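Morning, everyone. One structure today, and I'll keep it short. Have a look at the screen.

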Amino acid sequence: MKRWQQMITAGALVATMSPLAMAQVQVDADLPDYEPTAGVSGNITTVGSDTMNNLATLWAEGFLEMYPNVRVEIEGMGSSTAPVALTAGTANFAPMSREMSGREIDNFESRYGYPATPLPTSVDMLAVFAHRDNPIEGLTLKQVDAIFSGTRRGGLSEDITRWGQLGLKGDWSNQNISIYGRNAASGTYGYFRENAMFGGDFKSSVREQPGSSSVVQGVASERNAIGYSGMGYKTADVRAVPLKRDGDERFYTATPEDAGDYPLARFLYVYVNHKPGADLDPLRREFVKYIYSKQGQEAVVRDGFIPVTAHVARQALESVGIEADF
């Protein structure tokens, strides 16, 4: 995988991957405006989720407008790299599109004597993308499983390899399904495997990609393709296929309106090394406060994700010893 790494300076322009129509999403009015403080300097290093690259960049850009002497380095090679870097001390923030596994928690705790602290920063809806011309109405999770997985733990007896098996007619009926996905270093890969494939194994025919944007580009380039990535990477050349679980009355879309019922909604986390009872250093403290400010959550909306509520923000701040007076 090509290493994605960017040194960010104040005033850097950010081109987000997805100009989603998110104007209707409102940041919780109870969140505070961020107020800069004195004595903040040093280096911020984030290592982890590819899904959160753009979001971390937006946070960094806003933070650097207030603290131009701070340096920020962002590396997004997949969520599995986050716990390793946080445990080794080579990153002070570890973005992850999934929760740490038991082994990752144990590795961190065996070194420090306490677990890493997860901060839920935003909500993503993991989307199943088809080409923009694809007329599929929707998919059940069992059908998604039978498309992507060779083990089909969802329960369908039939391997789904053609669009006609999903009810598409005409020239679509005999079109083979071309499948795109992420690689095993990705938290999105692990989340999709557990939640959309019932813990089963991917087919060998899945074309594994190094990043979310390349999954979307692959689907956009092939009329018969399907793939998955965070909703923040949607472009005009693909459409997010509505999904439903067994027992759902209808298909749900990967939109803010359906976030409470959409089958593949998830928190996006930033993990930090916080010793219980201790204070974060000023740099990390202020960056965390920025994430949970109106400005930080407005960046979440800009990147196509859903902001957290003031209640979630308050709990997150208090989990790292920051008093939340809102």
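Let's start with the fold. The protein chain has 9 helices and 13 strands. Its radius of gyration is 20 Å, close to the 20 Å the globule rule gives for 326 residues, so the chain is as compact as a globular protein of that length. Keep in mind that this is a predicted model.

Along the principal axes, the C-alpha atoms fill a box of roughly 65 × 45 × 40 Å. Of the 326 residues, 54% are buried. Take the contacts with a separation of 6 or more: 77% of them join residues 24 or more positions apart.

Which residues have the most contacts inside the largest nonpolar core? They are L139, I147, F148, F192 and I226, in a core of 45 residues. Several elements each supply at least two residues, among them the strands β5 (117-131), β7 (178-182) and β9 (225-230), and the helices α4 (141-148), α5 (187-195) and α6 (212-221). β5 gives the most, with 7 residues.

Zoom in on I147. Skip its neighbours within four places in sequence. I147 is then in contact with L139, I160, L166, I177, I179, K203 and I226.

There is also a second, separate core. That one has 43 residues, including V25, L64, V72 and F305.

Last, the surface and the charges. The chain exposes about 14000 Å², and carbon and sulfur atoms supply 46% of that. There are 30 positive and 39 negative charges. Their mean positions lie 6 Å apart.

That's my tour. Over to you.

How values were computed:
Residues are numbered from 1 along each chain as its sequence is written. This is a predicted model: local features need pLDDT of at least 70, side-chain atom pairs count only at pLDDT 80 or more; totals for chains, interfaces and linings use all residues. Side-chain values use heavy atoms; hydrogens and water are left out. Helices (H or I, at least four residues) and strands (E, at least two) are DSSP runs, numbered from the N terminus. The radius of gyration is taken over C-alpha atoms; the globule rule is 2.2 Å times the number of residues to the power 0.38. Buried means under 20% relative accessible area, exposed over 50%, partly exposed in between (1.4 Å probe, protein chains only). Contact means heavy atoms within 4.5 Å. Accessible areas come from the Shrake-Rupley method with a 1.4 Å probe; for residues, only the protein chains shown count as cover. Lys and Arg count as positive and Asp and Glu as negative; His and the chain ends are not counted. The place of a charge is taken as NZ of Lys, CZ of Arg, CG of Asp or CD of Glu. A nonpolar core is a set of buried Ala, Val, Leu, Ile, Met, Phe, Trp, Tyr and Cys residues joined through side-chain atoms within 4.5 Å.
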